[in-house]
Structures are given as C-alpha cells and as structure tokens.
Amino acid sequence: KPPDMKNLFLFIILSLATIAGKSQLKPTAVCPPFRVDVMDGNVNELYPRSAIEEIKTRFPCATEVVEQSTNSACAGVFFKDKGIFFYTERNYIEINEQFKGKLTPALMGTSRSSLFRLLGTPKLKDANWDAFQMGYGTLVLYYNKAGKINKLQISSKNTEALKLCE
C-alpha cells in the first residue's frame with residue numbers, strides 16, 4: 001500500500017521545523033560590562049598578567065583570541081567591537097576611543113594639560129604620548145592632534161621593560 005502523501009508531507013514539514021527551531025537556539029556569548037580602574041591597573045579585577053583562559057572565561061564574547069606561540073609575540077584576547085585588548089604575552093591592556101564600558105577616572109578625551117594633578121610628571125614623554133610610573137607598572141597615554149587622550153595602555157612592567165605590539 002503506498003504511503004499516504006498527506007502524512008508524508010506533514011512529517012517532512014515537522015522535521016524541517018524541528019531542525020530550524022534547534023538552529024535558532026544557540027545562545028550568544030554575553031559579556032559583563034567592562035569596568036576599567038586606571039589607578040589600580042585592572043579591568044573587572046583582571047590584571048595585565050592575567051592568563052588567556054581566565055580572560056576568556058570572564059569575558060566570553062571576544063572577537064579574536066591569539067594563542068601564545070613562538071611566532072606571535074602579540075598573543076592575547078581582543079574585543080575589537082568594544083575597544084579593549086588584552087595582550088597577554090606582553091602583559092598589558094589597551095583601551096582605545098571605541099571603548100564601550102566604564103573608565104575610572106574617565107580619561108578618554110581628557111586634555112593632556114590637565115593630567116599633572118592626577119598623575120604627576122610623566123616618567124617618559126614624547127610628542128604623541130606620555131608614560132607614567134604607577135604602583136602596578138606603567139600607564140601610557142596617547143594623544144590626538146588636539147592634545148586629548150585617544151588611547152591608553154595599562155602595563156604590569158616598568159618603562160624600561162615595556163614592549164608594545166604594533
């Protein structure tokens with residue numbers, strides 16, 4: 001006896017609906033808000049020396065993870081869409097002007113001339129950046145043409161040992 005076409009059609013439709021329904025149930029990795037404490041040198045209590053696995057666990061929404069290897073000195077966990085980068089091989093955290101989160105103190109966009117009261121005299125100085133010695137290591141502030149902060153790096157190393165990625 002030939003199969004009933006109505007039942008066969010219904011079976012195919014239900015099978016496709018089940019497959020389509022399951023494919024839509026993949027959860028998107030959600031990160032907690034990023035909170036950067038510039039004076040203490042941490043992001044949500046993760047420090048520049050934090051391991052890749054620890055960062056990935058705390059923030060599961062990375063846009064790129066570069067594992068440590070001999071040919072990549074710039075390994076780390078990167079959140080390009082949120083403007084924050086953990087360079088684990090070089091022990092520093094970089095925050096740019098696309099940063100989505102809370103920065104304390106709110107340095108992004110601050111004028112270079114107003115930093116002395118908060119940070120003192122820079123240990124190293126250049127036309128486009130200043131490096132300040134901090135209790136945790138080094139804070140490097142970068143300036144745009146208007147002399148306002150547009151990027152900062154928090155490093156566990158002192159200015160003499162600091163090696164940054166390009």
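This is a short tour of one protein structure, stop by stop.

The model is predicted, so local features are given only at pLDDT of at least 70 and side-chain atom pairs only at pLDDT 80 or more, while totals for chains, interfaces and linings use all residues. Residues are numbered from 1 along each chain as its sequence is written, and side-chain values use heavy atoms, with hydrogens and water left out.

**The whole chain**

Show the protein as a cartoon. It has 3 helices and 11 strands. Helices (H or I, at least four residues) and strands (E, at least two) are DSSP runs, numbered from the N terminus. Of the 166 residues, 39% count as buried. Buried means under 20% relative accessible area, exposed means over 50%, and partly exposed lies in between (1.4 Å probe, protein chains only).

**Helix α1**

Select residues 5-23, which make up helix α1. Ile-12 lies in this helix and counts as partly exposed, because its relative accessibility is 41%.

Next select β1, β2 and β7. These 3 strands form an open sheet in the order β2-β1-β7, with mixed pairing. The edge strands, each pairing on one side only, are β2 (42-43) and β7 (102-104). Two strands pair if DSSP finds at least two bridges between them. Strand β1 (residues 35-37) pairs with β2 in the antiparallel sense over 2 bridges. To see the two strands face each other, pick Val-36, which stands opposite Val-43 in β2.

Move on to Asn-44, in the loop between β2 and α2 (52-58). Its phi is positive, about 50 degrees, although it is not a glycine. Glu-45 lies in the loop between β2 and α2, and has a positive phi of about 65 degrees without being a glycine. Which is the accessibility class of each? Asn-44 is buried, with a relative accessible area of 8%, whereas Glu-45 is exposed, with 61%.

Select Thr-104 and Pro-105. The peptide bond from Thr-104 to Pro-105 is cis, with omega near -10 degrees. Pro-105 lies in the loop between β7 and α3 (116-119).

**Two disulfides**

Show the cysteine side chains. The structure holds 2 disulfides, a disulfide being a pair of cysteine sulfur atoms within 2.5 Å.

- Cys-31 is joined to Cys-61, S to S 1.9 Å. Cys-31 lies in the loop between α1 and β1 and Cys-61 in the loop between α2 and β3 (64-66), so the pair ties together parts that are 30 residues apart in sequence. The torsion about the S-S bond is about -110 degrees, so this disulfide is left-handed. Cys-31 counts as buried at 16% relative accessibility, and Cys-61 is buried at 13%.
- Cys-74 and Cys-165 form a disulfide with sulfur atoms 2.1 Å apart. Cys-74 is in the loop between β3 and β4 (76-79) and Cys-165 in the segment after β11 (149-155), 91 residues apart. This link is left-handed, with -115 degrees about the S-S bond. Cys-74 counts as partly exposed at 25% relative accessibility, while Cys-165 counts as buried at 9%.

**Last stop: Asn-96**

Finally, select Asn-96 in strand β6 (residues 92-96). Buried or exposed? Asn-96 counts as buried, because its relative accessibility is 15%. Leaving aside neighbours within four places in sequence, Asn-96 is in contact with Gly-83, Phe-85, Met-108, Asn-150 and Lys-151. Contact here means heavy atoms within 4.5 Å.
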